[in-house]
Amino acid sequence: MNGHDSLAIIFTDLDGSLLDHNNYGFEPAHTLLTALEKKGIPVIPTSSKTCAEIMALRKRLSNSHPFISENGAASFIPKNYFTAPIAGSSLLNGFHCLSNCPPRQTWLSLLAELQATYPNQFTHFNVQGNDGIKQLTGLSDTEAALANQRDYSEPVKWLGNKQQEQQFVATINSHGGSAQQGGRFITVSGDCSKGRALTVVTQLYQDQYPSKRLITIAIGDSVNDVSMLEAADYALLIRSPSGDFPTLARSDKLFKSSLMGPAGWDEGVRQIMQQLNISL
């Protein structure tokens, strides 16, 4: 595979998938990540995390590829990564940014309005501040600050019951927003998805390599990963400590890890590479 005629591209969720659910480490997948890089297989972080968080993580991962932030709200392409100009992008911190969502303030205003309808039913990052985010997530001071540098979305911690949560999500949707359930937070944002962002970034690769057959692989563990897991050629579901795998419509080219987090990531990616006859 990743030879003259084809190119495999991996789009991966971070928390609970490539990163451990509790300590945010990726050590069990480190050897494989190095092997994928040597093979020229791009690993594209596709996460609810912010641009600032993913940029810091890319340094730890030694990753120089594009990434997708805030559940598909924006795609970031390193400057000069592709030869052709990227239509509709703006240059930001050395990246071409393709965004398609209203700003965070839109959702903060809506959440402020909804406090009266759902009193004491939810809290969110902006209300909690960096110290509160640390308590909710287990992140360090620096990491919590990066998590609060949001451009397009707001993570909500639901405190009420399930029925009220469903009403809350419906209310967000009726106001033109999108409430996506992740591992531990509901991310309130605009009408965007990881799946649509995957399609946009894949097309940029196809434009760069018109003669290659692209093979997309999506990896995730939560409901907010479903759109990209459905959109990719191959899908890998990572086992989660918080419950069952999210439900997918597809059954073909679908893999499920038996291990959790980065160990499951390593397990599942190796299985897919084997099926694609890519030796690592």
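**View 1. An open sheet of 4 strands, in the order E3-E4-E6-E5, has antiparallel pairing.** Helices (H or I, at least four residues) and strands (E, at least two) are DSSP runs numbered from the N terminus, and two strands pair if DSSP finds at least two bridges between them. This is a predicted model, in which local features need pLDDT of at least 70, side-chain atom pairs count only at pLDDT 80 or more, and totals for chains, interfaces and linings use all residues. Residues are numbered from 1 along each chain as its sequence is written, and side-chain values use heavy atoms, with hydrogens and water left out. Strand E3 (67-69) and strand E5 (90-92) are the edge strands, each pairing on one side only. From one strand to the next, the twist averages 35° (axes are lines fitted to C-alpha atoms, for helices over the stretch in contact, and angles run from 0 to 180 degrees between N-to-C directions).

**View 2. Strands E3 and E4 (residues 74-78) run antiparallel and are joined by 3 bridges.** Ser-69 has Ala-74 in E4 as its bridge partner. Helix H2 (residues 51-61) packs on the sheet and touches E3, E4 and strand E6 (95-99), where contact means heavy atoms within 4.5 Å. The direction of H2 makes about 145° with that of E3.

**View 3. A second open sheet has 4 strands in the order E7-E8-E10-E9, with antiparallel pairing.** Its edge strands, E7 (122-124) and E9 (178-181), each pair on one side only.

**View 4. Strand E8 (residues 154-158) is joined to strand E10 (residues 186-189) by 3 bridges.** In E10, Ile-186 is the bridge partner of Val-156. Helix H3 (residues 104-117) packs on this sheet, touching E7, E8 and E10.
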